[in-house]
Amino acid sequence: MAKLFMSCCFCLQNHTMKVVEADGNYLQPFETNDLDIYSGESYSVLLKTNQDSSQNYWISLGVRGREPQTPPALTLLNYRTTSASRLPLSPPPVTPRWDDYAHSKAFSNKIKALDHKSIPKPSPTYHRRIVLLNTQNKMNGYTKWSINNVSLSLPATPYLGSIRFGLQNAFDQTKPPEGFPGHYDIMKPPVNSNTTTGNGVYMLGYYSTVDVILQNANALKENVSEIHPWHLHGHDFWLLGYGEGKFTKSDEKKLNLKNPPYRNTAVIFPYGWTALRFVADNPGVWAFHCHIEPHLHMGMGVVFAEGVQHVAKIPKEAVSCGVTGKKFMTGSHLG
């Protein structure tokens, strides 16, 4: 299994990999010469060691989605009878260019669920759809990332205790926006580059089915739209599909309800959209954010909450700071 906190293309010299699993769930197996792994994703592959055992073979990792400032990382696949210090005779495999998004899209579209024996069938309909517009903005001279023009700034008090005990002064009680204006032009920098900060919560109905449309857009600079891997805590989701441009009602017919992969991390490509569906069946408060860590700290994330009243006991470590720390720090657990 490969899981990385950078985004890379993994190439293995003279060997074909068979991809069989993503994010802990089985896939319809397919063969590939390289593997696109975006931050937060994980894959399992099968490999036949059927090459000349007197040689070693390069493993090359090239950066994806950001222009690299360093050469590809290199290591060796070592066949046991050969010295690990023996370098291969041929040069390392060349990974695709960092901005070869057609390559990434082709790889992503090969990923399908194996069956519904180990994962649930996708819900045929949804109860709620939340559209998240991903933009780059400015605040007080600093570059921020925003979702529907709100840049996430986490509160000092943990959400779980705040919601469970009804502490309305612990975080922003304003409902975060469910979408963005239909006239917004995703192909151009924002007309108003300023943003706001907030830490409101999307309160989800317990056991409701939720669709999330991740919508990418132009950043502050002309003709720049970056790729982002989004990771959901506490759930797996059905990854229903990707598309170009702005998501519209007509794009619903493109969604894969037959064999969508069951993932916890999904990429949004430049100037495109990604559609997810999940069931809010895990009591708690869960982050959904870009897995490029600086982007989260710059505001690229949202918070979901569901069924918090069903959390039986809350460890004191979860309420030891902020408003809850002052109010409830007695006993080992809080019911």
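These exercises walk through salt bridges, a cavity and a sheet in one structure.

The model is predicted, so local features need pLDDT of at least 70 and side-chain atom pairs count only at pLDDT 80 or more, while totals for chains, interfaces and linings use all residues. Residues are numbered from 1 along each chain as its sequence is written, and side-chain values use heavy atoms, without hydrogens and water.

**Exercise 1**

Find how many salt bridges there are, and examine the one between aspartate 23 and arginine 263.

Solution. Start with the rule: a side-chain nitrogen of Lys or Arg lies within 4 Å of a carboxyl oxygen of Asp or Glu. The count comes to 12 salt bridges. In the pair of aspartate 23 and arginine 263, the N to O distance is 2.9 Å. Now place the two residues. Aspartate 23 sits in the loop between strand E3 (17-22) and strand E4 (25-32), and arginine 263 in strand E17 (residues 262-263), 240 residues apart. Strands (E) are DSSP runs of at least two residues, numbered from the N terminus. Both aspartate 23 and arginine 263 are buried; the term means under 20% relative accessible area, with exposed over 50% and partly exposed in between (1.4 Å probe, protein chains only).

**Exercise 2**

Classify arginine 66 and aspartate 251 as buried, partly exposed or exposed.

Solution. Arginine 66 has 24% relative accessibility, so it counts as partly exposed. Its side chain meets that of glutamate 226 in a salt bridge of 3.2 Å, N to O. Aspartate 251 has 5% relative accessibility and therefore counts as buried. Its salt-bridge partner is lysine 254, with the closest N and O atoms 2.8 Å apart.

**Exercise 3**

Determine which residue classes line the largest cavity.

Solution. A cavity is a set of points on a 1 Å grid over the protein atoms alone where a 1.4 Å probe fits but cannot get out; lining residues have an atom within 4 Å of a point. Its volume is about 30 Å³, the space filled by probe spheres set on points joined across faces, edges and corners. The lining includes Trp145, Glu226 and His228. By class there are three nonpolar, seven polar and one charged residues. Ala, Val, Leu, Ile, Met, Phe, Trp, Tyr, Cys and Pro count as nonpolar, Asp, Glu, Lys and Arg as charged, and the others, Gly among them, as polar.

**Exercise 4**

Trace the strand order of the open sheet of five strands.

Solution. The order is E13-E21-E20-E15-E18, with mixed pairing. The edges are strand E13 (202-204) and strand E18 (265-268). Pairing takes at least two DSSP bridges between two strands. Strand E20 (residues 284-290) and strand E21 (residues 301-306) run antiparallel, joined by six bridges. Within E21, phenylalanine 304 is the bridge partner of tryptophan 286.

Methods
Helix = DSSP H or I, 4+ residues; strand = E, 2+ residues; numbered from the N terminus. 1 Å grid on protein atoms, 1.4 Å probe; cavity = no way out; pocket = protein on both sides within 12 Å on 5 of 7 lines; lining within 4 Å.
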